[in-house]
Amino acid sequence: MTTTTLTNHQARARADYLNIALWTFQGWIAMFFIAAGYAKLSEPMENLIVLMQWPAAAGEAFVRGLGVAEIILAAMVLAPLVSWRFGRPLLLTAAAGLLILESIALGVHAFGLDLGLSLTNVFLIAITAPVLWLRRR
């Protein structure tokens, strides 16, 4: 087994590429949850029930509250754009909260045999987990 030593330039380039990838993931996460939260706040319940069957079993206040929570967590994912010192803890909190939310949603959609929304949540977990894991450093 051989060990490869990176030059300072190579190490910096790798760190830059990782940072760009994480910011890309954070942007996708924020865009998705702002859109999803906005839909839950603005769409009539009848439309939400047609799009996702689970709102039929939940109250309107719960669905609207979930929309507010999604928008707030999405904004927190982008908080480091304002200040890394204050935004990083908000980002880590939001990423953890979104992972919990995505895991629960995956279970709800999988239990309801909704393959499209289940796969969407698998994708969201796959991009949120690295953000939480790699931004902890």
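Me: Which residues of α3 are buried?
Reply: V63, R64, L66, G67, E70, L73, A74, M76 and V77 are the buried residues of α3. Buried means under 20% relative accessible area; exposed means over 50%, and partly exposed lies in between (1.4 Å probe, protein chains only). This is a predicted model: local features need pLDDT of at least 70, side-chain atom pairs count only at pLDDT 80 or more, and totals for chains, interfaces and linings use all residues. Residues are numbered from 1 along each chain as its sequence is written, and side-chain values use heavy atoms, leaving out hydrogens and water.

Me: What do the buried residues of α3 pack against?
Reply: They pack against α1, α2 and α4. Contact here means heavy atoms within 4.5 Å.

Me: What makes up the secondary structure of the chain?
Reply: The chain has 5 helices and 0 strands. Read along the sequence, the pattern is α-α-α-α-α. Helices are DSSP runs of H or I with at least four residues, strands are E runs of at least two, and numbering starts at the N terminus. The C-alpha trace spans about 60 × 35 × 15 Å along its principal axes.

Me: How many of the residues in the chain are buried?
Reply: Of the 137 residues, 32% are buried. Contacts in the chain can be sorted too. Among those between residues at least 6 apart in sequence, 60% join residues at least 24 apart.

Me: How do you know that the span of α1 agrees with the span it should have?
Reply: The expected span is 1.5 Å times one less than the number of residues. Helix α1 has 35 residues (8–42), so it should span 51 Å. Its end C-alpha atoms are 50 Å apart, which agrees.

Me: What span should α3 have?
Reply: Its 18 residues should span 26 Å. The end C-alpha atoms of α3 are 26 Å apart, so the values agree. For α5, 21 residues reach 30 Å from first C-alpha to last, close to the 30 Å expected.

Me: What covers the buried residues of α1?
Reply: The cover includes α2 (45–51), α3 (60–77), α4 (84–111) and α5 (115–135). The buried residues of α1 are L22, Q26, I29, A30, F33, A36, G37 and K40.

Me: Why is α1 called oblique to α5?
Reply: Their axes come within 10 Å and cross at roughly 135°. Axes are lines fitted to C-alpha atoms, for helices over the stretch in contact, and angles run from 0 to 180 degrees between N-to-C directions. Under 35 degrees is roughly parallel, over 145 roughly antiparallel, 65 to 115 roughly perpendicular, and the rest oblique. So α1 is oblique to α5. The crossing is left-handed: the near helix is turned anticlockwise from the far one by less than a right angle, whereas clockwise would be right-handed.

Me: Which residues make the contact of α1 with α5?
Reply: On α1, they include L18, L22, F25, I29 and F33. On α5, they include F123, L124, I127, T128 and V131. By class, the contact has 14 nonpolar, 4 polar and 1 charged. Nonpolar means Ala, Val, Leu, Ile, Met, Phe, Trp, Tyr, Cys and Pro; charged means Asp, Glu, Lys and Arg; the others, Gly among them, are polar.

Me: What makes α1 and α4 oblique to each other?
Reply: They pack at an angle of about 60°, with axes 12 Å apart. By the cut-offs for angles, α1 and α4 are therefore oblique to each other. This crossing is left-handed. W23, Q26, I29 and F33 in α1 meet W84, L91, L98, L101 and E102 in α4. That contact has 7 nonpolar, 1 polar and 1 charged residues.

Me: Why is T128 called buried?
Reply: Its relative accessible area is 1%, so T128 counts as buried. T128 sits in helix α5. Leaving out residues up to four places away in sequence, T128 touches I29, A95, L98, L99 and E102.

Me: Is L113 buried or exposed?
Reply: L113 has a relative accessible area of 77%, so it is exposed. L113 lies in the loop between α4 and α5.

Me: What phi does L113 have?
Reply: Its phi is positive, about 55°, although L113 is not a glycine. Most residues other than glycine have a negative phi.
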